[in-house]
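Welcome, and thanks for taking a look at this one with us. Here is a short briefing to read alongside the structure.

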Amino acid sequence: MKKVALLGATGSIGAQALEIISAHPELELVAAASGSQPIDGLAPLTQVGGDLTELLERAGPDVVLNAVVGFAGLPATMWALEHGVDLALANKESLVAAGELALDAKRRGGGRILPVDSEHSAAFQCLEERPLETVDSLVLTASGGPFRGRSRADLGSVTPAEALAHPTWNMGPKITIDSATLMNKGLELIEAHFLFGLPYDRIEVTIHPTSIVHALVRFRDGAALAHLGYPDMRVPISFALTYPHRAATPIPALDLSQGLILEFFPPDEDAFPCLALARAAGEAGRTVPCILNAANEVAVAAFLDGRLPFLGIPEVVERTLNAIEGPAARDLEELTAVDEEARRVASAQTRALVHR
Ligand SMILES: NC(=O)c1ccc[n+]([C@@H]2O[C@H](COP(=O)([O-])OP(=O)(O)OC[C@H]3O[C@@H](n4cnc5c(N)ncnc54)[C@H](OP(=O)(O)O)[C@@H]3O)[C@@H](O)[C@H]2O)c1
């Protein structure tokens, strides 16, 4: 039996995780948490909001599936890493924001991170802990979102409803907007850097509209391994929860008789500047990715509320990055202070942009 704590149980990942857990008798849901929606009776231990590490202490899980959205997932990520408990990580924002601090905690705790993000699950499987010197580069694929092919000029007046209509993945609102701006791929770039230890110049992003290839690793001998499958988050969720056994799922095997379109294009960084902003933030290091993430959370919430235009998202992020230096953080307290400062600046920049 593997005892699972599911954080973010009411979300898109949470619902799919519940389906996987209920299909596998060897997975026992011992604890569940949400941010505000009631979840009474979902698991023996439940918690709505508050400090999720208290729930984890009581539950003593073998694996924490962190499917909370945003920086709010950070304490649970750090708890699992410090305690050497397997971390099935959907909450990419925590790794992006905490970076080196999270890796230090992982080294101290001695546990594993099992990526749930589909691209990172794919890369994890292609890499299989092979020595990094055998790896030439990692390629993360992006569907391109609902606005793929549009120019910057075409994006000025797009609405939240249009941005929420993702072509290949059905996800929660924040990540769906991040997919539309390509910030999601930017966050994933930083996530991949910390997960796999590859420098940024060896991680590439490509637009692949059908989302069949999730990641591809090129090796130094000229071979490349890719991970293919229908876009369905139950596959990486199941892989992470049942690792290393690769349990069966109800997802059909890839059907080649129907034809597969495997096309790849370079991303349009003029129309979607978030990707380049994220790459630069990752390369800068220190708390710059934390600032990027915080500003993005503020800007995305403002866009969803109808307070900020779509192109205001990269603008708020860029202005916030320019306004704060991004010092190194020695601990979570210092990191949280930087996050809060970035949120204050991003909120002010949002108001300034709207009243321009
Ligand atoms: N959806 C996908 O296909 C997908 C794919 C890859 C990675 N991810 C990542 O997985 C994470 C979750 O995404 P999602 O699409 O499932 O989001 P979602 O549908 O918006 O769900 C978010 C979940 O987080 C909970 N939550 C929010 N704030 C919380 C807090 N302070 N404490 C405890 N729980 C809190 C929510 O609870 P309430 O319902 O009570 O607010 C909800 O259960 C994100 O980091 C995302 O980037 C998602």
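How many aromatic pairs does a search of the whole structure find? The search finds five aromatic pairs. Please keep in mind that this is a predicted model.

**Aromatic pairing**

- Among the five pairs is the one formed by Phe-147 and Phe-310, which is edge-to-face.
- A pair of aromatic rings is described by the distance of the centres and the angle of the planes.
- For Phe-147 and Phe-310, the centres are 5.2 Å apart and the planes make an angle of 80°.
- Phe-147 belongs to the loop between β7 (135-142) and α7 (160-163), while Phe-310 belongs to the loop between α12 (288-304) and α13 (312-323), so their pairing ties together parts that lie 163 residues apart in sequence.

**Where the ligand sits**

- You will find the ligand in the largest pocket.
- There are 25 residues around the ligand, and those that come nearest are Thr-10, Ser-36, Gln-37, Glu-93 and Gly-172.
- Sorted by class, this shell has twelve nonpolar residues, ten polar ones and three charged ones.
- Helices α1 (12-23), α4 (92-98) and α8 (173-181) each supply at least two residues of the shell.

- Gln-37, one of the residues that come nearest, places a polar side-chain atom 2.7 Å from an oxygen atom of the ligand.
- The backbone takes part too: a polar backbone atom of Ser-12 is 2.9 Å from a ligand oxygen atom.
- At Gly-11, a backbone N or O atom lies 3.1 Å from an oxygen atom of the ligand.
- Taken alone, the ligand exposes 890 Å², and the protein buries 86% of that area.

**Backbone features worth a look**

- Most residues other than glycine have a negative phi, and most peptide bonds are trans.
- Which two residues does a cis peptide bond join? They are Tyr-243 and Pro-244, with omega at about 5°.
- Pro-244 is located in the loop between α10 (234-242) and α11 (274-284).
- Leu-182 is not a glycine, yet its phi is positive, at about 70°.
- Leu-182 is found in the loop between α8 and α9 (183-196); α8 is also one of the helices that supply residues to the shell around the ligand.

Definitions and conventions. Residues numbered from 1 in each chain as written. Heavy atoms only, no water. Near = heavy atom within 4 Å. Polar contact = N/O pair within 3.5 Å; in protein donor to acceptor, adjacent residues only side chain to side chain. Areas by Shrake-Rupley, 256 points an atom, 1.4 Å probe, with all protein chains shown as cover. 1 Å grid on protein atoms, 1.4 Å probe; cavity = no way out; pocket = protein on both sides within 12 Å on 5 of 7 lines; lining within 4 Å. Sits in = over half its atoms within 2 Å of the grid points. Helix = DSSP H or I, 4+ residues; strand = E, 2+ residues; numbered from the N terminus. Nonpolar A, V, L, I, M, F, W, Y, C, P; charged D, E, K, R; others polar. Phe/Tyr/Trp six-rings, centres within 6.5 Å; stacked < 30°, edge-to-face > 60°.
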